[in-house]
Amino acid sequence: MPLSVQETEVKNPPVSRPPLDPHLKALENEAIHIFREVAAEFEKPVMLYSIGKDSSVLLHLARKAFYPGRVPFPLLHVDTTWKFKEMIAFRDEIAQKYDLDLVVHTNQRGKAEGVTPFTHGSALYTDIMKTEALKQALDAGGYDAAFGGARRDEEASRAKERIYSFRTPDHKWDPRNQRPELWNVYNGMIKKGESVRAFPLSNWTEVDIWRYIQAEDIPLVPLYYAAERPYVERDGMMILAEDPRLQLLPGETVQRGSIRFRTLGCFPLTGAIRSTASNLEEVIAELEIATVSERQGRAIDRDQSGSMEKKKREGYF
Amino acid sequence: MTATANNASATILPFAEPAKAVRDTRPLRLITCGSVDDGKSTLIGRLLWDTKAVKEDQAATLARDSGSQNDLGLPDFALLLDGLQAEREQGITIDVAYRYFATDRRSFIVADTPGHVQYTRNMATGASTADLAVLLADARAGLLEQTRRHATIAALMGIRQFVLAVNKFDLVNYDRAIFERISNEFREFALSLGVRQITAIPMSALKGENVVYAASSAMPWYEGPTLVEALELATVRSTQAGGFRLPVQRVSRPGESFRGYQGTVAGGSIKPGDSVAILPAGTIANVKQIVTFDLVRNAAVAGDAITLVLDRQVDVARGDVIVSLDGQPMVGHEFDAQLVSLQPGGIEPGKRYWLKSGARRQRVTIEPVSQLELSTGNWQPHASVLDMNAIGKVRLSFEEQAVFDTYEQNRATGAFILIDPDTLNTVAGGMITAKRGDLGGIHQTRSADGQRVLLSLPADLAEQLMASELFASRRDETEIRRLTAKQAAEIFTNAASDI
Ligand SMILES: Nc1nc2c(ncn2[C@@H]2O[C@H](COP(=O)(O)OP(=O)(O)O)[C@@H](O)[C@H]2O)c(=O)[nH]1
């Protein structure tokens, strides 16, 4: 005899909130649909969890999609060992709170060889500690589908990305050989060794992400909110100066100011912006008048505009 | 929403009524189509630019990459849009790209499809999710065969709202007569495709006239909306009116005590206590609860992603469809459909494909019947391979029972894709037109509610009938199929004994 949901044990039962506006509701419904479809069609899905705001939204949607059940796949975090400390603390707290299976992977070979953003340059470092590490983790887990939080509005090469993005056994993405995607009917058939990356947030914009975080009260790493923090200016970026591994170059000094981050990654490669927006409302207000797109804070995108596509072809998420 | 209320054809062909000013804040999905050099890249670039969807650093990248700017000091928008290196090197766009912009009233998702190579395949993909099509025409050239082809594909894919962007109007001295000639010609053509919501707008994408900002000084005679105004007023398709449909994606069993059926409502609405049937088996049950993360709900409507709990233990699996008892979908082994062939191998008669619709995947064989000749709009008999980019009418034969609505009735439960069992690639997108029944392929009546009348009319007469208020108000109850006179005659002959 099936019982009703109130009679089942559910961790963190939901709280009552005002209904979402129709725009966010439509985006949410679409994302939940994708989550359920992938979970049903693939043998071993995994969710790539980068701890940032998009990942936080993605995780929230996954919890919604499978409620009252648990999230039926693990979360994978590729830890370069150069993440902001607050990110790691947040990650562990969230995994515990929501009863998640968390898999953390570090490229041990890269680490042993002493690959750091300071010694190897951002491109090579990213390649080894992120792209390579991700492939290792996906191969080790034998995952045939990986959820990611990428959005089509983020960068020009993503505008043509499918919701199910097909990858070869060596994780290559061939922009010319993507499957047509019609309606919301997704083709999840793959051969052994092949995999898909699934992007439930494809149709979200940055503003949507923030408005959803607000509407759903989704917790974020505090670095997204402005606070008085120590930083060093280097190559036109403000780098957080908290980690003892950051060595000052001649002429550099640690300054203090009210800063926040629009995107979170490895601290030496992630630039802060000056801001006094110390809560969500203020961040959104700031965003609505902002004219600089969020990826500007990331060193890897700046080399040349084809760089993201190149990274994607090679397997960078 | 016509700018030319006084034009001659208005008395013959009723124009679309102005769209109702619904502040529907769901995103409007649209597709843009045009021939090469009609100015589509310029138009989309202009839309993004004037709605401030281009961020400053993207603009800087653009300025650096293009080196040159156009004569108005704006960057070369095509570079902003052509995202992929390979394409940029070849100077062509070959695939569907999605763009996002928003106004204070609404947000928009644009499927940007190229106008030349592979346009049928790309357009079909972009149009499958679109509520509206923006068709571009160069004011100097007028309507081209290409424009008609694009309009035909858009209509076939179920788009019922067209905007004709008569672009480069700055190059024809903003001549009103040119606009009226092109827009009237287009209106007549669109009506012949069954599209009644038509807005024609004279514009200059290059100068930004009637795109986001009105151009009253250049075209004082034009009183219609700008492109963005027309898009803000467009309606988003809703399937809330029909019967309830829930294609089951997943059965959720977090513990012995709970069993819920998860999926996205694909039509109609539901509330606890409603009786439902589980298809194709036909089992009946009652809805006990609608579960979502945001507490237990007392109703759900089309579009909602939900978990349904039934009042009794029944056999429900992924791929089943839970439906209302009234207005049930069609269940059977044989259906008629239209499809667009998407891959170089084409669609082969007699080959077993995988068909996926909703969450259901099953084996099917295809028998082509006819092919659409895009240059004339006529269907020609065609029983062999449907080559890539061909649009065909086909018969589907299933090994197990299938569940569909017609695409006309429900875009979610009437659509499918075909997957090649060898390559596993998506090789066709299709739309169900009817269940093959006893009446020579004529759609079964949906429920036993009284009599149906089959009429066979000349297309122009049918057009006028369909344009009437009475017809529009009862559109849900009618079924329309376009046939050649010969096919119609055959149906009547074959069905004579049943009538
Ligand atoms: N005068 C004028 N030229 C335009 C207009 N729109 C586009 N063009 C020009 O027409 C050419 C083709 O435009 P483009 O946007 O690349 O066309 P596409 O191939 O349809 O994407 C370019 O040289 C544009 O600058 C317009 O409204 N007025």
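Me: What is the mean pLDDT of chain B, and what share of its residues reach 70 or more?
Reply: This is a predicted model. Chain B has a mean pLDDT of 83, and 80% of its residues reach 70 or more.

Me: Where in chain B does pLDDT stay under 50?
Reply: One such stretch is residues 1-23 of chain B, for which the model has 47 contacts beyond four places in sequence. Another is residues 438-448 of chain B, with 27 contacts of that kind.

Me: And the mean for chain A?
Reply: The mean pLDDT of chain A is 86, with 84% of its residues at 70 or more.

Me: Which elements of chain A have the lowest and highest confidence?
Reply: Confidence in chain A is lowest in helix 8, residues 307-314, where the mean is 54. It is highest in strand 1 of chain A, at 98.

Me: What are the scores for the model as a whole, ipTM and pTM?
Reply: The model scores ipTM 0.86 and pTM 0.84.

Me: On to the ligand. Which residues come nearest?
Reply: There are 15 residues around the ligand, and those that come nearest are B:Asp37, B:Lys40, B:Ser41, B:Thr42 and B:Asp170. Helix 1 of chain B, residues 40-50, supplies the largest share of the shell, three residues.

Me: What distances do you have from ligand oxygen atoms to B:Lys40, B:Ser41 and B:Thr42?
Reply: For B:Lys40, a polar backbone atom is 2.8 Å from an oxygen atom of the ligand. For B:Ser41, an N or O atom in the side chain is 2.6 Å from a ligand oxygen. For B:Thr42, the corresponding distance, again to a side-chain N or O atom, is 2.5 Å.

Me: How much of the ligand does the protein bury?
Reply: The ligand taken alone exposes 590 Å², and the protein buries 74% of that.

Me: Back to chain A. What is the strand order in the six-stranded sheet?
Reply: The six strands form an open sheet in the order 3-2-1-4-6-5, with mixed pairing. Strand 3 (102-105) and strand 5 (164-167) of chain A each have a single partner strand, so one side of each is left without a neighbour in the sheet. On average, neighbouring strands of this sheet are turned by 30° against each other, direction ignored.

Me: How do strand 2 and strand 3 of chain A run, and how many bridges join them?
Reply: Strand 2 of chain A, residues 75-78, runs parallel to strand 3 of chain A, and four bridges join the two. A:Leu75 stands opposite A:Leu102 in strand 3 of chain A. Helix 3 of chain A, residues 85-97, packs on the sheet and touches strand 2 and strand 3 of chain A. The direction of helix 3 makes about 155° with that of strand 3 of chain A.

Me: Which strands does helix 1 of chain A lie across?
Reply: Helix 1 of chain A, residues 22-41, lies across strand 1 (45-48), strand 4 (145-147), strand 5 and strand 6 (195-198) of chain A. Helix 1 runs at about 160° to strand 4 of chain A.

Me: And the four-stranded sheet: what are its order and pairing?
Reply: That open sheet of chain A has the order 8-7-9-10 and antiparallel pairing. Its edge strands are strand 8 (237-240) and strand 10 (273-274) of chain A, each of which pairs on one side only. Two bridges join strand 9 of chain A, residues 255-260, to strand 10 of chain A. Within that pair, A:Ile259 has A:Arg274 as its bridge partner.

Me: Is phi of A:Thr81 positive or negative?
Reply: Phi of A:Thr81 is positive, near 75°. Most residues other than glycine have a negative phi. A:Thr81 is in the loop between strand 2 and helix 3 of chain A.

Conventions:
Residues numbered from 1 in each chain as written. Chains lettered and ligands numbered in written order. Heavy atoms only, no water. Pairing = 2+ DSSP bridges. Axes fitted to C-alpha atoms, helices over the stretch in contact; angles between N-to-C directions. Contact = heavy atoms within 4.5 Å. pLDDT = per-residue confidence, 0-100. Near = heavy atom within 4 Å. Polar contact = N/O pair within 3.5 Å; in protein donor to acceptor, adjacent residues only side chain to side chain. Areas by Shrake-Rupley, 256 points an atom, 1.4 Å probe, with all protein chains shown as cover.
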